[in-house]
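Colleague: I have the sequence and the fold open side by side, and I'd like to talk them through with you. Can we start with the charged side chains?

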Amino acid sequence: MKQLIFDIETIGTESTAVCLEASFLVYDLKRDAHKKLDSLNPVTFKLSVKDQIDAGRTVCPETKIWWKEQIKLEPSLAKIVMPSPNDLTMMEFFNALRNYLREEGYAKNDWAWQRGTLDIMVIDSIFKQLDVDRNAFPIKWWDIRDLRTAIDLYGEGASRGYTPDYKTKILKELPNFVKHDARYDILLEVFMLREVGLFETEPF
């Protein structure tokens, strides 16, 4: 069984917020259960802020300030907010995500994991602005599972969706780990799902 883990970074907390980047990893419970974290390779799509603003998507001033504070603490995060010639339009993002999921064999009724509820709302909101058939949306809302709930239920000593001492443990496996980088955040989720026993074997 394959599982999709995804994480996005935004400039706001509403479903209409501008999405800076979105990372996805199709995790095969048979193929990937014993792989080292640093050998897993999430795909990251960086989106054009201008394209989204032109389409009417929103920017939260408080979140802009928050990003500036995070970049002061971790300068490498600047690449997430700085525009690039390779940034994708919303339609390019839609097509790139569909192609990635097809290539990885992510199929109907496979589960998708996210932390909380916002990420899929933002992604759905972006795709609703495009002139595409809703049935073509690559991730279905009914396949979504919440990471925090799973970790709290299955993890001994887990709290608020995190396993005990995760900050120290993740650095042992990923010395260059950077919080709020969507790619690294996905690998942290895999690490914790493995810790609580959900991503070690095929349990379903």
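Modeller: The structure holds eight salt bridges, where a salt bridge is a side-chain nitrogen of Lys or Arg within 4 Å of a carboxyl oxygen of Asp or Glu. Please keep in mind that this is a predicted model, in which local features need pLDDT of at least 70 and side-chain atom pairs count only at pLDDT 80 or more, while totals for chains, interfaces and linings use all residues. Residues are numbered from 1 along each chain as its sequence is written, and side-chain values use heavy atoms, with hydrogens and water left out.

Colleague: Which salt bridge partner does Lys-46 have?

Modeller: Lys-46 pairs with Asp-87, and their closest N and O atoms are 3.1 Å apart. This pair links distant parts of the chain, 41 residues apart, since Lys-46 is in strand β3 (residues 43-46) and Asp-87 is in the loop between α3 (78-81) and α4; helices here are DSSP runs of H or I with at least four residues, strands are runs of E with at least two, and both are numbered from the N terminus.

Colleague: Is Lys-46 buried or exposed?

Modeller: Lys-46 counts as buried because its relative accessibility is 18%, and buried means under 20% relative accessible area, exposed over 50% and partly exposed in between, with a 1.4 Å probe and protein chains only. Asp-87, at 13% relative accessibility, also counts as buried.

Colleague: What about Arg-31 and Asp-32, how far apart are N and O there?

Modeller: The side chains of Arg-31 and Asp-32 meet in a salt bridge at 2.8 Å, N to O. Asp-32 counts as buried at 2% relative accessibility, whereas Arg-31 counts as partly exposed at 39%. Both residues are also linked with Lys-35 in a network of salt bridges.

Colleague: And which residue does Arg-148 bridge to?

Modeller: Arg-148 forms a salt bridge with Asp-146, with 3.9 Å between the closest N and O atoms. Arg-148 is partly exposed, with a relative accessible area of 37%, and Asp-146 is partly exposed too, at 23%.

Colleague: Switching to rings: how many aromatic pairs are there?

Modeller: A search of the whole structure finds 14 aromatic pairs, counted when rings of Phe, Tyr and Trp (its six-membered ring) have centres within 6.5 Å, with planes under 30 degrees apart taken as stacked, over 60 as edge-to-face and the rest as tilted. One of them is the edge-to-face pair of Phe-94 and Phe-127, at 5.0 Å centre to centre and 85° between the planes. That pair joins helix α4 (residues 90-103), which holds Phe-94, to helix α5 (residues 118-128), which holds Phe-127, and the two residues are 33 apart. Phe-94 is buried at 2% relative accessible area, and Phe-127 counts as buried at 1%.

Colleague: How are Trp-141 and Trp-142 arranged?

Modeller: Trp-141 and Trp-142 form an edge-to-face pair, 5.5 Å centre to centre with 80° between the planes. Trp-141 counts as exposed at 56% relative accessibility, while Trp-142 counts as partly exposed at 45%.

Colleague: Which charged end sits over the ring of Trp-111?

Modeller: That is Arg-145, whose charged end is 4.3 Å from the centre of the Trp-111 ring; a charge sits over a ring if NZ of Lys or CZ of Arg is within 6 Å of the ring centre and within 35 degrees of the ring normal. Arg-183 likewise lies over the face of Tyr-184, at 5.5 Å from the ring centre.

Colleague: What does Phe-24 touch?

Modeller: Setting aside residues up to four places away in sequence, Phe-24 touches a list including Leu-4, Phe-45, Tyr-100, Ile-139 and Ile-186, where contact means heavy atoms within 4.5 Å. Phe-24 also belongs to one aromatic cluster, along with Phe-6, Phe-45, Phe-93, Phe-94, Phe-127 and Phe-137.

Colleague: Last one, where does Asp-181 lie?

Modeller: Asp-181 lies in the loop between α7 (166-173) and α8, and is buried with a relative accessible area of 8%. Leaving aside neighbours within four places in sequence, Asp-181 is in contact with Glu-9, Glu-21, Leu-77, Lys-79 and Ile-80.
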